[in-house]
Amino acid sequence: MSSAYLDIIRIRFLMMLAYRVNYYSGIIIYALNIGAYYFLWKAIYGTKEVLGGLTLEQMTTYVAVGWMARAFYFNNLDREIANEIKDGSVAIQLIRPYNYILVKMMQGLGEGLFRLLLFSTPGMVVVSLLFSVKLPTDPKLWGVFLVMLFFSFLINTQLNIITGLSAFFLENNEGLMRMKRVAVDLFSGLVVPMSFFPGWAEGILKLLPFQAITYLPGKVFTGAVTGSAVYDGLLIQLLWFVVLLAPLYVLWRSARSRLFVQGG
């Protein structure tokens, strides 16, 4: 059975490989995004050396790695699941001899691996040549970051699957999916690092899972946190991964008894 799930990863990887135009255009779009944020933050810093606990060089690196990491953990599983629920095709998935949720995660992983190897890696090289991005030189730090990046994928995918499964109960969860996407980009620290929020807002955001997606790995990569704080961030990610398993399991068990078809 495990080989079947590995085949699912491979198939999704090959499907992504078929759409090369999206691949090339994606690198250009992400480079433009990073460039826009670079000049924006450069203007915000002005003559100041440090803002929000980050130097301008660290902020540039944070922005670059944040967007390149997003290419790996981002997926549209919420929309895929919602569409399968609406047209009833999820019923076929439920009678097949595999776990539907696990299959979706493997599909997202295949897509993420494609972007990591053929999008994020060359994209980071291009961005490093264009802007003052400082890459870590410690192999151990790279290893910790890659583990944290994998947890970013897991946590974001859990949120996507939970949002997608809500279609069993809401019939039309389009608004919820859009709200979730904005919340992830904003509150994860992708657009604005959490350290730039007011103290009370930062305190609230630390109680939510979003920081585990972008902010914590980004701080580790830039060297803004060192020592035991690096492993504290990894522990927070692990904690949120475990916590999100509970609502995912409960929602899935409840959803299987509510299948109905809106179209056909």
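This is a predicted model: local features need pLDDT of at least 70, side-chain atom pairs count only at pLDDT 80 or more; totals for chains, interfaces and linings use all residues.
Student: How do helix 11 and helix 12 run, roughly parallel or roughly antiparallel?
Tutor: Take helix 11, residues 215-222, and helix 12, residues 228-255. Their axes come within 10 Å and cross at roughly 160°. Angles over 145 degrees count as roughly antiparallel. Therefore helix 11 and helix 12 are roughly antiparallel.

Student: Which residues in helix 12 does helix 11 meet?
Tutor: Helix 11 brings L216, P217 and V220 to the contact. The residues of this contact divide into five nonpolar, two polar and no charged.

Student: Which helix gives the most to the lining of the largest cavity?
Tutor: The largest cavity has a volume of about 60 Å³. Its lining is R70, Y73, F74, N75, N156, N160, K180, R181, V184 and D185. Helix 3 (56-73), helix 7 (139-165) and helix 9 (174-187) each give two or more of these residues. With four residues, the one that gives the most is helix 9.

Student: How many charged residues are in the lining of the largest cavity?
Tutor: Sort the lining by class. Three residues are nonpolar and three are polar. The charged residues number four.

Student: Which helix gives the most to the lining of the second largest cavity?
Tutor: About 30 Å³ of space lies in this cavity. V65, G66, A69, F145, I213, T214, P217 and G218 line the second largest cavity. With three residues, the one that gives the most is helix 3.

How values were computed: Residues are numbered from 1 along each chain as its sequence is written. Side-chain values use heavy atoms; hydrogens and water are left out. Axes are lines fitted to C-alpha atoms, for helices over the stretch in contact, and angles run from 0 to 180 degrees between N-to-C directions. Angles under 35 degrees count as roughly parallel, over 145 as roughly antiparallel, 65 to 115 as roughly perpendicular and the rest as oblique. Contact means heavy atoms within 4.5 Å. Ala, Val, Leu, Ile, Met, Phe, Trp, Tyr, Cys and Pro count as nonpolar, Asp, Glu, Lys and Arg as charged, and the others, Gly among them, as polar. On a 1 Å grid over the protein atoms alone, a cavity is a set of points where a 1.4 Å probe fits but cannot get out, and a pocket is an open set with protein on both sides within 12 Å along at least five of seven lines; lining residues have an atom within 4 Å of a point. Grid points are joined across faces, edges and corners, and a volume is the space filled by probe spheres set on the points.
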